[in-house]
Amino acid sequence: MRQVDETDLEDLAVGAAVLGTGGGGNPYIGKLLAQQAIRAHGPVTLVDVGEVPDDALVVPSAMMGAPTVMVEKLPRGDEIIRAFKTLEEYLGRPITHTVSIEAGGLNSTTPFGVAAQMKIPLVDADGMGRAFPEIQMVTPTLFGVSATPMALADEKGNIALIATIDNRWTERFARSITVDMGATAMIALYVLSGKQLKESMVPGTIGLAQELGRLIRETRAAHGDAVQAILDRLRGYRVFEGKIADVQRRTEAGFAKGEARIDGVEGDAGASLVIRFQNEHLVAIRDGEIVASVPDLIIVLGAETGEPITTEELRYGFRVTVIATPCDPKWRTKAGIDLVGPRYFGYDIDYVPVEERFGAAARR
Amino acid sequence: MRIGIDVGGTNTDAVLMDGRKVIAEVKTPTTADVTSGVVTALRNLVGEQRAKPGHVQAVMIGTTHFTNAVVEAKRLMPTAAVRLGLPATQALPPMVDWPERLRKALGGHVYLCHGGHEFDGRHISELDPGELRRAAEDIGSKGIRSVAISSVFSPVNNEFEEEAGKLLESELPGVMISLSHEIGRIGLLERENATIMNACLRDLAVHIVDAFHGALAEVGIEAPVYLSQNDGTLMSVDYAQRYPVATFASGPTNSMRGAAFLSGCLDCAVVDVGGTTSDVGVLQHGFPREASIAVEIGEVRTNFRMPDVFSFGLGGGSLVREDGELEIGPESVGYELTSKALCFGGDTLTATDIAVAGGLADIADRSRVAGLSPDLVKRSLQMMEDRIAQAVDRMKTSAGAIPIVVVGGGSILIRDSLPGASELVKPEHFAVANAIGAAIAQVGGEVDRIFSLDKKSRDETLEEAKREAAEKAVAAGASPGTVHVVDVEEVPLSYLPSNATRIRVKAVGELELEAESVATGR
């Protein structure tokens with residue numbers, strides 16, 4: 001158990017963008033919201049998964065919608081409280097803990113606002129160990145946890161409480177309701193017991209995000225190699241070094257899809273790497289051959305700074321280092337690969353873990 | 001004939017131009033009051049007897065006044081920030097991410113009111129005139145004379161900002177209103193921040209414009225005055241008094257545009273080597289490429305149109321040291337170069353000394369650097385060249401070699417070629433490229449909005465956006481026949497099923513010098 005204050009959130013937001021693998025929404029707004037809540041209500045108590053009693057009632061909290069809308073229509077502030085109250089009424093029990101559903105991007109910091117306002121502890125864990133674009137894409141789905149009952153709240157006072165037959169239906173309904181609410185909503189879903197939390201969530205990811213942010217900051221201050229520091233911490237591999245040569249984006253079925261082409265420099269000179277994305281990076285293709293894919297993390301970092309770069313920021317001329325890091329082992333089951341593997345996103349290839357593709361020799 | 005002036009941190013540069021010809025150039029130190037430096041520069045230009053004041057048709061000024069006022073938190077007026085968006089947005093009120101020092105300088109007067117739009121144009125809530133009147137009453141009772149109004153999604157629909165502005169103007173006669181949709185892009189906090197900065201500079205803008213007019217009157221010039229904006233276009237003084245923030249970062253823009261003009265390269269990298277730092281930017285169709293990430297001014301996040309410039313610590317005054325490892329910069333003797341550098345009789349080894357010893361420049365006393373080890377000189381020159389080449393490479397958009405134009409007083413550090421340069425150009429008048437950039441600036445118009453592609457085709461939508469941008473350029477004073485579109489950018493918006501896309505179009509044209517009534521609004 002430890003206390004998290006305003007200043008800790010600076011590092012956390014940077015680290016969350018690393019785990020966001022190009023997507024996950026703008027962590028700046030999430031950071032400000034959490035800082036405001038902490039300023040008003042005091043520091044947040046962060047507890048480890050092991051400290052949560054088995055009979056605890058844990059409800060993840062998040063923001064859903066279009067990242068481009070979230071930076072414009074800012075929240076009222078109490079949406080999530082109303083969503084929580086609605087769920088409590090429905091469940092007939094008080095919620096004891098909240099947790100992040102997505103450690104990557106905006107939603108790593110969203111639950112801090114909830115925890116500060118409700119004065120409940122935040123569990124150091126999340127449901128992905130990264131960011132993914134759809135609601136059903138969380139590790140609790142693999143353990144049979146239902147996304148519903150789910151509450152969605154907007155700033156006007158509207159609340160939707162939904163129950164669905166499976167978690168893909170939850171994604172469908174919630175997406176439509178979110179658009180009606182103005183393309184942003186605060187959501188509470190995946191009601192978990194403490195026991196379910198322990199078996200189905202990815203532990204330690206909030207602390208990890210904070211640590212990654214601190215590593216980048218401190219390594220840069222010491223003029224060290226921030227990319228290497230991240231690789232060491234995440235046991236990852238250098239996939240490619242180069243310069244962004246082309247970025248194409250399009251909207252398809254409500255997602256930002258596209259690809260970035262990177263021309264190699266130094267050891268990768270003469271080669272070319274294409275990264276395809278759907279909000280988050282999906283696959284990395286070197287000279288026509290897939291070299292990394294979901295659910296492993298494909299992360300684009302500034303070559304000199306080690307700062308994470310989101311797909312919205314990808315731009316001609318950036319010098320980048322692309323790294324790949326292993327996903328949480330829960331994703332590496334058949335059910336996990338079916339849910340978030342390359343085939344779900346339309347790539348007809350078998351998932352090969354990044355360690356097998358690169359091996360110990362490729363790690364520098 | 002036209003006069004271009006660039007008021008920088010160290011020097012005030014001015015040029016007199018006849019068409020495309022530079023007739024005279026002067027460099028004088030920037031003065032604390034700024035105006036007297038401008039008067040000196042103007043007197044020197046006219047004093048050279050090459051032009052009668054009456055022949056000057058226009059004066060273009062680039063200035064750092066407004067940026068410095070915000071950075072120093074000085075001469076800012078008390079400002080009210082009115083945001084329309086309730087019940088949304090309360091969690092992060094206006095100025096939430098400002099440093100305390102700057103918020104205090106403005107008084108921290110914040111009003112959250114109803115209004116605002118959804119991404120698709122629906123109203124979040126209706127405007128509440130009673131609520132706005134109560135805000136006006138409070139603003140009036142505090143004696144605040146400048147108000148920034150921001151409404152959620154106003155870049156998509158500006159009706160609420162316009163209505164609220166009119167209401168406040170009628171309640172508070174003489175109040176100065178700044179509307180966010182006229183200043184920034186999507187991103188409420190950043191746009192609002194820029195609008196509040198604009199509002200707090202309004203008094204200073206009136207004062208500075210008066211001072212410039214006074215300076216011109218002193219030397220007998222009656223021509224209209226324009227200020228340079230950060231995108232390389234001009235604005236009339238009337239416009240500048242309403243939108244002073246548009247001057248932010250016009251310095252690097254002017255120097256890049258001047259470099260393009262002097263060299264004739266419209267697509268190239270520009271390296272501006274100063275005394276302490278070098279700036280590298282990229283020109284596309286003769287205009288600086290813009291930065292896409294948030295830009296901080298005085299520690300406040302904004303989303304201005306800003307040139308994408310990479311600055312690094314290498315200039316003519318950079319210290320050269322070898323203590324085990326060779327190091328050049330970032331420390332610099334700066335403006336003390338002519339007293340501290342070895343070749344000027346000082347005791348400090350600088351980048352300029354290396355250039356002189358290496359035979360790149362023939363300034364000061366070469367014999368004073370004759371004792372430097374040829375190996376050190378060779379390695380230092382190589383290191384400087386490598387760093388500049390790396391900086392250019394970082395900014396380039398394609399792998400191929402591109403033309404590189406070098407301007408600024410520190411240009412002597414660079415030899416006749418650089419790796420990655422298809423050609424290296426050191427144009428004439430390189431030391432006053434920034435003032436030339438001010439003199440030749442064009443006028444522009446921009447559209448940046450979210451469009452839905454469900455009802456209209458993409459081509460129709462793009463045409464609509466281009467037409468609107470061109471109309472805005474003409475309204476800003478461009479000669480209609482010269483207006484053309486220089487930039488089109490599309491960003492599809494994720495998660496929105498309605499195939500919404502954000503389109504940015506920029507059009508520019510030559511300033512219509514003959515029709516001043518159009519250009520200046522007088």
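Helices (H or I, at least four residues) and strands (E, at least two) are DSSP runs, numbered from the N terminus. The views below come from a predicted model.

**View 1. A loop in chain B holds B:Ala73, which has a positive phi.**
The loop runs between helix H2 (65–72) and strand S5 (79–86) of chain B, and B:Ala73 has its place there. Phi of B:Ala73 is near 55 degrees, a positive value in a residue other than glycine. This residue comes just after H2(B). B:Ala73 has 16 other C-beta atoms within 10 Å. A residue counts as buried at 20 or more such atoms and as exposed at 12 or fewer, so B:Ala73 is partly exposed.

**View 2. Helix H2 of chain B has buried residues covered by both strands and helices.**
The buried residues of H2(B) are B:His65, B:Phe66, B:Thr67, B:Ala69 and B:Val70. Their cover includes three strands of chain B: S1, S4 (58–63) and S14 (295–297). Helices H6 and H7 of chain B are also part of that cover.

**View 3. B:Met95 sits in another loop of chain B.**
Here the loop connects S5 and helix H3 (100–106) of chain B, and B:Met95 lies within it. B:Met95 is not a glycine, yet its phi is positive, about 70 degrees. Is B:Met95 buried or exposed? B:Met95 counts as buried, because it has 21 C-beta neighbours inside 10 Å.

**View 4. Six strands of chain B form an open sheet.**
The order of the strands is S3-S2-S1-S4-S9-S10, and their pairing is mixed. Which strands stand at the edges? They are S3 and S10 (234–236) of chain B. Each has a single partner strand, so one side of each is left without a neighbour in the sheet. Neighbouring strands of this sheet are turned by 25 degrees against each other on average, direction ignored. Strands of a sheet pair through backbone hydrogen bonds, either parallel or antiparallel.

S2(B) covers residues 11–18, and S3(B) covers residues 21–29. The two pair in the antiparallel sense over eight bridges. B:Asn11 has B:Pro29 as its bridge partner in S3(B). B:Asp13 has B:Lys27 as its partner in that strand.

H1(B) spans residues 35–47. At 1.5 Å a residue, its 13 residues should span 18 Å. The end C-alpha atoms are 18 Å apart, which agrees. The buried residues of this helix are B:Gly37, B:Val38, B:Val39, B:Ala41, B:Leu42, B:Leu45 and B:Val46. What covers them includes strands S1 (2–7), S2 and S3 of chain B, along with helix H7 (202–218) of chain B.

**View 5. Helix H6 of chain B is largely enclosed.**
H6(B) runs over residues 188–200 and has 13 residues. From its first C-alpha to its last it reaches 18 Å, close to the 18 Å expected at 1.5 Å a residue. How many of its residues are buried? The count is 13 of the 13, so H6(B) is largely enclosed by the rest of the structure.

**View 6. A cis peptide bond joins B:Gly329 and B:Pro330.**
Omega for this bond is about -5 degrees. B:Pro330 lies in strand S18 of chain B, residues 325–332.

**View 7. Chain A is divided into two domains.**
Domain 1 covers 2–205, and domain 2 covers 225–362. Their centres, taken over C-alpha atoms, are separated by 26 Å. In the contact, 20 residues of domain 1 of chain A meet 23 residues of domain 2 of chain A. Helix H1 (8–19) and helix H6 (139–142) of chain A each supply at least two residues of the domain 1 side. That side divides into nine nonpolar, nine polar and two charged residues.

**View 8. A:Thr148 and A:Pro149 are joined by a cis peptide bond.**
Omega here is about 5 degrees. Where is A:Pro149 found? A:Pro149 is in the loop between H6 and strand S7 (150–153) of chain A.

**View 9. Strands S15 and S16 of chain A form a hairpin.**
S15(A), residues 280–286, pairs with S16(A), residues 289–293, in the antiparallel sense over four bridges. A:Ile285 stands opposite A:Ile290 in S16(A). The hairpin has two residues between the strands, and A:Asp287 takes a positive phi near 40 degrees.

Notes: Residues numbered from 1 in each chain as written. Chains lettered and ligands numbered in written order. Predicted model: local features only at pLDDT ≥ 70, side-chain atom pairs only at ≥ 80, totals over all residues. Pairing = 2+ DSSP bridges. Axes fitted to C-alpha atoms, helices over the stretch in contact; angles between N-to-C directions. Expected span 1.5 Å × (residues − 1). Contact = placed C-beta atoms within 7 Å. Domains from an automatic or database assignment. Nonpolar A, V, L, I, M, F, W, Y, C, P; charged D, E, K, R; others polar.
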